[in-house]
Amino acid sequence: MKLSIVIPAYNEESTIQQIVEKVQAVSLPDGLSKEIVIVNDGSQDKTADILTRFGGQEGIVIVHQSNQGKTSALLTGFKNTTGDILLIQDADLEYDPQQYDKLLRPILDKRTEVVYGSRFLGCIDEMEPINRWANGTSNWIFNLLYNTQLTDINTCYKVFTRRAWEGMVITSRNFAFETEFTVKLLHRGHSIKEVAIDYTARSRKAGKKIKWSTALEMFWPIIKYRFVKC
């Protein structure tokens with residue numbers, strides 16, 4: 001079996017080399033092979049130049065596109081995967097690839113086809129209070145409307161089988177992917193298994209891209225897809 005790791009990147013010159021090297025170095029369980037698909041979403045810094053260092057390396061696919069937002073970068077990445085299992089990895093250092101084993105285990109043990117790595121079940125360092133509030137509020141609203149008990153719908157670490165993904169059409173833009181993807185998984189009858197992960201937040205100064213407009217963009221689909229078929 002093969003794991004495809006999709007890394008969307010926009011202006012990540014300070015971390016992109018380190019995160020790709022971390023992903024390359026991590027050992028996978030049960031003899032899984034590894035494929036890394038990196039999508040440079042029109043970065044204006046040196047991200048593209050740094051990625052040339054990985055060009056031609058076995059097991060790495062690099063795709064460059066004009067800036068179209070996170071959702072577009074993810075969809076481009078998914079289209080370029082060949083693995084049996086897909087995993088989303090941010091291009092910063094907030095999420096540690098050393099946690100892949102526990103993220104993959106429920107799928108490999110055939111207990112589920114979808115795993116979310118929950119920051120709120122694990123250990124969180126340096127997350128600003130306003131971000132905790134925004135995440136907590138979105139989780140509460142989502143669970144209320146969809147009768148679920150999820151603790152972290154906005155986590156980057158979403159791991160799922162190709163079968164769970166195939167045929168799904170995502171129409172959202174940017175960060176609203178998190179909500180639409182989760183809703184459509186539920187509509188397909190998938191049970192989402194959460195596992196605790198460790199998370200170290202970065203600040204806006206260090207490149208954090210979430211802001212108030214982003215939060216509002218993520219809240220709206222939670223309500224929209226409860227009453228509008230997606």
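This is a short walk through one protein chain, from its overall form down to single residues.

The model is predicted, so local features need pLDDT of at least 70, side-chain atom pairs count only at pLDDT 80 or more, and totals for chains, interfaces and linings use all residues. Residues are numbered from 1 along each chain as its sequence is written, and side-chain values use heavy atoms, with hydrogens and water left out.

Start with the whole chain. The protein chain has 8 helices and 7 strands. Helices (H or I, at least four residues) and strands (E, at least two) are DSSP runs, numbered from the N terminus. The radius of gyration is 17 Å, close to the 17 Å that the globule rule gives for 230 residues, so the chain is as compact as a globular protein of that length. This radius is taken over C-alpha atoms, and the globule rule is 2.2 Å times the number of residues to the power 0.38. Along the principal axes, the C-alpha atoms fill a box of roughly 45 × 40 × 35 Å.

Now look at what is covered. Of the 230 residues in the protein chain, 54% are buried. Buried means under 20% relative accessible area, exposed means over 50%, and partly exposed lies in between (1.4 Å probe, protein chains only). The accessible surface of the protein chain comes to about 10800 Å². Carbon and sulfur atoms hold 50% of that surface. These areas come from the Shrake-Rupley method with a 1.4 Å probe; for residues, only the protein chains shown count as cover.

Contacts tell how the chain folds back on itself. A contact means heavy atoms within 4.5 Å. Take the contacts with a separation of 6 or more: residues 24 or more positions apart account for 78% of them.

Next, find helix α1, residues 16-25. Which of its residues are buried? They are Ile-16, Ile-19, Val-20 and Val-23. These four cover an arc of only 100° around the axis, which puts them on the same side of α1. The arc is that of the directions from the helix axis to the C-beta atoms. What covers them includes strands β1 (2-9), β2 (33-41) and β3 (60-65). Helices α2 (47-51) and α4 (100-108) are also part of that cover.

Move on to helix α3, residues 70-79. It is mostly covered, with 9 of its 10 residues buried. Among them are Ala-73, Leu-74, Leu-75 and Phe-78.

Two of those residues, Ala-73 and Leu-74, touch Pro-8. Pro-8 lies in strand β1. It is buried, with a relative accessible area of 10%. Leaving out residues up to four places away in sequence, Pro-8 also touches Val-39, Gln-89 and Ala-91. Pro-8 and Ile-88 are 80 residues apart along the chain, yet their C-alpha atoms are separated by 8.3 Å.

Follow the chain past α3. Thr-82 lies in the loop between α3 and β4. Beyond its neighbours within four places in sequence, Thr-82 is in contact with Lys-2, Ser-4, Glu-35 and Arg-162. Then comes Leu-86, in strand β4 (residues 85-88). Is Leu-86 buried or exposed? Leu-86 is buried, with a relative accessible area of 0%. Its contacts, neighbours within four places left aside, include Leu-3, Ser-4, Phe-78 and Phe-160.

Now turn to strand β7, residues 192-200, where Glu-194 is found. Glu-194 is buried, at 14% relative accessible area. Its contacts outside the four places on either side include Tyr-116, Ser-118, Leu-121 and Asp-152. Glu-194 and Arg-119 are 75 residues apart in sequence, but 9.6 Å apart in space, C-alpha to C-alpha.

Finally, check two backbone angles. Most residues other than glycine have a negative phi. Asn-11 has a positive phi of about 55° although it is not a glycine. Asn-11 is found in the loop between β1 and α1. It is partly exposed, with a relative accessible area of 30%. Lys-110 has a positive phi too, of about 60°. Where does Lys-110 lie? Its place is in the loop between α4 and β5 (114-125). Lys-110 counts as exposed, at 74% relative accessibility.
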